[in-house]
Amino acid sequence: MGKAALLIIALSVLAWEGRAAEHWPDPDWASTSAPISPALQALEAYAFAPRDGHGREGVRTDALLVIHDGRIVYERYVAPTSAQTRHLTWSISKSVLATVLGVAYGQGRFNLQDPVARYYAPMQAHPMVRIEDLLHWASGLEWQEDYEYAPLNSSVVAMLYTRGRADMAAYAASGARAVAPGERFLYSSGDSNLLAAALRGMVGSDDYAWQALFQPLGITQATWERDARGTLVGSSYLYLSARDLARIGLLMLRDGRWQGQPLLPPEWVAFNRQPFTTASTAPGEATPGGHWWLNAAVAGRTRPWPDAPAETFAALGHWGQALYVLPAQKLVIVRYADDRDGRYQHNELLKRALAAFAGEQP
Amino acid sequence: MKRGFLALLIIACTWAGWHREALLAFPGVLSAYSAKEYCSCRYVMAFPVEYCRAYVQQYLPLSTLRDEPSLHLVSATGLGRSNRAAWQGPREGCRLLP
């Protein structure tokens, strides 16, 4: 009896010590700067190549923030972006939306197999589409995401700026069925905005993202723009500082746990990180998971970013925005940018960041 | 020659018919994009005027881009269409007006 009590005390002390040794941004990030090394210089040479004044060519990083095991080890901004800037995240918004949905999932507000129509009435036109299908970008609805090369027929341009802007989810729901739900991956900002409308239907509150995710994480400066109907533009328009976006990365790195409290169920994070099995993506393109992007190899291909570990996952946005999570290395990397051509390569940045912060040879 | 032109015209009209909705909406993209993204650049990201003007610049030039800071209201005109975006608040950011 006495021995058992002693063992319990010893175990709780160990557990408490283990937690105390973990760093969290509470309220602000702790910081230790990494010594300047050739590997760090190589990373900077890639990320912060000189910009020419007028053109918009090449790699144009606005912010690079590296967190190791809960502490800032590197941080650099290019004016006018600063540590205070709420930077546009573009499609990183989609993965953050999925994380907000994860809190709702933990509260038992929905199941992955539920029809979207249960929470968003216009989807009664497509009663077979489930929440899980939207999270896999596999609604089966017609969609043209490309806008650089097909602006006329781009569904996303029409949704954000013209025909769909008043009610983006309704615009997405008005699309014709192309294939059966869950059958194929087709990257669609429409699917993400249907999720935003479904979330609104589930929670009945316009501030749910703040209550459920931002406030618990200590994020006080978030902007998330809405359409004219008041639904979050879940696909595109979340603005966060680099340090605040890193909080979401740390939450994911620690399997949904925040300071010892489970904010997301571990099975939700596992779903985010599970490759969508019927996905077929172009070589070099990240593998879709549950509204997050994975470095997992699919169908005998090499992994999308060969120089990064297979378990690397990310939230990615237009013009080079990225939030990378490298679980084994305990790294969270935020990159904000204004890349206007396709020259920036995730693999190259990850390779150099690993060399600089995880001691790996490039 | 004449027949060829007629055939081309028929093809062009059929194509335009198919894409009617997209074609009618398209000229509005430039001004809507510029008004919305300039508004967010200034009032959400809090970047300077010069930076934001360059940030929204496209290959096709705008006729006007007017910012009324006291109202947080941005108006843009291009390709014969006008659009306005207004800042709604710190959480809501900017939105295109109907």
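1. In this predicted model, Ala86(B) has Arg95(B) in S4(B) as its bridge partner. The two strands concerned, S3(B) and strand S4 (residues 93–96) of chain B, run antiparallel and are joined by four bridges.

2. One of the partner assignments is Gly78(B) with Arg81(B) in S3(B). Two residues lie between the strands of this hairpin, and Leu79(B) has a positive phi there, near 50°.

3. S4(B) comes up again at the contact between the chains. It is among the elements that give two or more residues to the side of chain B that touches chain A. The contact takes 22 residues from chain A and 25 residues from chain B. Besides S4 of chain B, the elements giving two or more residues on the chain B side are helix H2 (20–25) and helix H3 (27–43). H3(B) gives the most to that side, with six residues. By residue class, the side of chain B that touches chain A has 16 nonpolar, four polar and five charged residues.

4. In chain A, the helix pair H3 and H8 can be described by axis distance and angle. The axes of helix H3 (residues 92–106) and helix H8 (residues 208–217) of chain A come within 9 Å and cross at roughly 90°. That crossing angle falls in the range 65 to 115 degrees, so H3(A) and H8(A) are roughly perpendicular to each other. H3(A) brings Thr99(A), Val100(A), Val103(A) and Ala104(A) to the contact, where they meet Tyr208(A), Ala209(A), Ala212(A) and Leu213(A) of H8(A). The contact residues of H3(A) with H8(A) comprise seven nonpolar, one polar and no charged.

5. Helix H9 of chain A (residues 242–253) has twelve residues. From its first C-alpha to its last the helix reaches 16 Å, close to the 16 Å expected at 1.5 Å a residue. Is H9(A) mostly covered or mostly open? H9(A) is mostly covered, with twelve of its twelve residues buried. The buried residues include the charged side chains of Arg243(A), Asp244(A) and Arg247(A). Also buried in H9(A) are Leu245(A), Ile248(A), Leu250(A), Leu251(A), Met252(A) and Leu253(A), along with Ala242(A), Ala246(A) and Gly249(A). After the helix comes Asp255(A), which has a positive phi near 55°.

Key: Residues are numbered from 1 along each chain as its sequence is written. Chains are lettered from A and ligands numbered from 1 in the order in which they are written. This is a predicted model: local features need pLDDT of at least 70, side-chain atom pairs count only at pLDDT 80 or more; totals for chains, interfaces and linings use all residues. The expected span of a helix is 1.5 Å times one less than its number of residues. A residue is buried if 20 or more other C-beta atoms lie within 10 Å of its own, exposed if 12 or fewer, and partly exposed in between; C-beta atoms are placed from the backbone. Axes are lines fitted to C-alpha atoms, for helices over the stretch in contact, and angles run from 0 to 180 degrees between N-to-C directions. Angles under 35 degrees count as roughly parallel, over 145 as roughly antiparallel, 65 to 115 as roughly perpendicular and the rest as oblique. Two residues are in contact if their C-beta atoms, placed from the backbone, lie within 7 Å. Two strands pair if DSSP finds at least two bridges between them.
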